[in-house]
Amino acid sequence: MSYASPPASRGYIESILDTDLYKLTMQRAVLETFPEVEVKYRFTNRGQQSFTKKVHEAVLKAVENLSTLSLTRAERGWLEKRCPYFPSSYLDYLEKFRFNPKEQVEIKWVPTATDGGEEVGNFEIEITGLWCETVPLMSIISEAYFTEQDQNWDYVGQFENARVKGKKLFTSGCIVSEFGSRRRRTQLAHDIIIRGLISADKEFGSGAGTVGGGKLAGTSNVHFAQKYDLNPVGTIAHEWIMGIAAFEGYDHCNGRAMDAWERIYPDGSLSIALTDTFTTKPFFEDFVGDPERAKRWKGLRQDSGDPLQFLQAAKEVFVKIGADPKKKVIVFSDALDVEKCKELNKASDEAGVGCSFGVGTHFTNDFKRVEGGPVKQDTPGEGAVRSEGEASKALNMVIKLYKIDNEYCVKISDELTKNTGNPEAVKKIKEQFGLETSSS
C-alpha cells in the first residue's frame, strides 16, 4: 500500500465520515428511538485557553463548510461492507443528510484581554437542533487554534513517533485502537499518525508473527478506516445515557440505556458498555441486576477514575454474573500513553481479564514546541522523532449534551471533580445516586 503524503488541509472537515464511529451508531439509534427530540450542546474550555480573532474566523469558515458535505457512493458502499449493523434505511437517511450549521450552531468570540498587541478572548458555543442532527466541532477548533494561533510546532518525526509507539505497544501484547479524532492537532497530523501505526502493525503486530501478540485493532475515525482499510471501532458515547436519563428519568437509567441499545443492535456486535456517565456505582448496580443481559455484552469501557481499581471491580462483577472474565474485555480509554497501556495490559493479564486500549490524544496531538521556527517539509511527518523541547500541549476542552427536551443533562465522572452540566442539576443527581456532594 502506498502512503503518499496527503495535501495540507484548509482546516475543513472534508468527509462526512471524518468523525468517530459512535457518532454514527448513536445517530442511527437516536433516529429510531428519539427522532423528534431536540437537544442543546455547550462547549466547555476546561484549560481556559484564550483564542484570537483569527481562530474565531477560521472556525466559522470551517463550520460553514460542513453544509457542503454528503455521503459519497464509495463511502456508502464501504459502510455496507464494513458496518453490517447499519441497515439500508439508515444509509438512505445518511445519504440525504446535510449539516445545517447556520441554523444549529452559535459561536461567539468574547474579547477578554490583549496579548502582544492582539486581542484574545473566549468562545461561547451552543449547538441546538434535533438530537439526530448533531454537528462535529472539536477537531475544527483544535485545528484552527494550531494553525492560526499556536504555530510554534511542526510535523517533523511524527510518522516515526507513531511507529515507535506502535512497536512498543504491539511487542508488549497491547491490542490498540486509535481514538484521537476529536482532539487531534490537525487532519494532516491524524493522517500521518494513522500511517505510522499501520507501519508498526505490519512490522510488529500479531499478523507479522513477531513476539508479543499485540496489534492495531482499528480506528474510531470512519473516514480513515475507509481510506486505509482499517476496522472502524466504537459503540456508545456518554450522551446516549445522559440523554435517556434526563428525558426518561434516572432510576436504572444505565440498564434502560443498554436495553434500548440492544433493541437497535441485537446482534451484540456493538456491545461494549460505557460505565462512568454517573460514576460506575449505579452502572454496576444495573449491570449485575440483570445477569443475562450483562452476559450478552462483550465488555466494558473504562474512561475515568483509577483504572486498576476498575479492573478489580469489573472482574468481581464478571464473576458475580457468572461470566468468565477471560472471555470479557475492558476497553481502557482514559488519558492513555504507552507506559500506562503496558502497565494495564500486564495487570489485566495477571487478573485474568481481557483488555484492549483506545488511545487518543497521545497519538494525534503529541508535539514539541520548536525553537527557531517550524520546519517545512516536502513530505510532512518524515525525519527522526523530536526528542527535545517543551511539550506543545493539546487543548483541554469538551462539548457535552447540555439539555434534552429542555431538561438539563449532566455527566458525573468517576473523578468526581470533573462534572459537566448545570451545577444544581449535578448536585441533585449526585444526591439521587448517593455520591459525594462536596464538589460540583
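This is a predicted model: local features need pLDDT of at least 70, side-chain atom pairs count only at pLDDT 80 or more; totals for chains, interfaces and linings use all residues.
**Entry 1: Ser-142.** Leaving aside neighbours within four places in sequence, I found Ser-142 in contact with Arg-183, Arg-184, Arg-185, Asn-365, Leu-395 and Met-397. I placed Ser-142 in helix α6, which covers residues 138–148. Is Ser-142 buried or exposed? Its relative accessibility is 1%, so I recorded Ser-142 as buried, the cut-off being under 20%. I also noted that a polar atom of the Ser-142 side chain lies 2.7 Å from the backbone oxygen of Arg-184.

**Entry 2: Arg-185.** I next turned to Arg-185, one of the contacts of Ser-142. Arg-185 lies over the face of Phe-146, at 3.6 Å from the ring centre. Arg-185 also lies over the face of Trp-153, at 5.1 Å from the ring centre.

**Entry 3: aromatic pairs.** I noted that the structure holds 28 aromatic pairs. I recorded both Phe-34 and Trp-131 as buried.

I then examined Tyr-155 and Phe-367, whose ring centres are 6.4 Å apart with planes at 75°; the pair is therefore edge-to-face. Tyr-155 sits in the loop between α6 and α7, while Phe-367 sits in strand β11, 212 residues apart. Both Tyr-155 and Phe-367 are buried.

**Entry 4: a cluster.** Finally, I listed one aromatic cluster, with Phe-34, Trp-131, Trp-240 and Tyr-265 among its members.

Note on methods
Residues are numbered from 1 along each chain as its sequence is written. Side-chain values use heavy atoms; hydrogens and water are left out. Helices (H or I, at least four residues) and strands (E, at least two) are DSSP runs, numbered from the N terminus. Buried means under 20% relative accessible area, exposed over 50%, partly exposed in between (1.4 Å probe, protein chains only). A polar contact is a pair of N or O atoms within 3.5 Å; within protein, one must be able to donate a hydrogen and the other to accept it, and residues adjacent in sequence count only if both atoms are side-chain atoms. Contact means heavy atoms within 4.5 Å. Rings of Phe, Tyr and Trp (its six-membered ring) pair if their centres lie within 6.5 Å; planes under 30 degrees apart count as stacked, over 60 as edge-to-face and the rest as tilted. A charge sits over a ring if NZ of Lys or CZ of Arg is within 6 Å of the ring centre and within 35 degrees of the ring normal.
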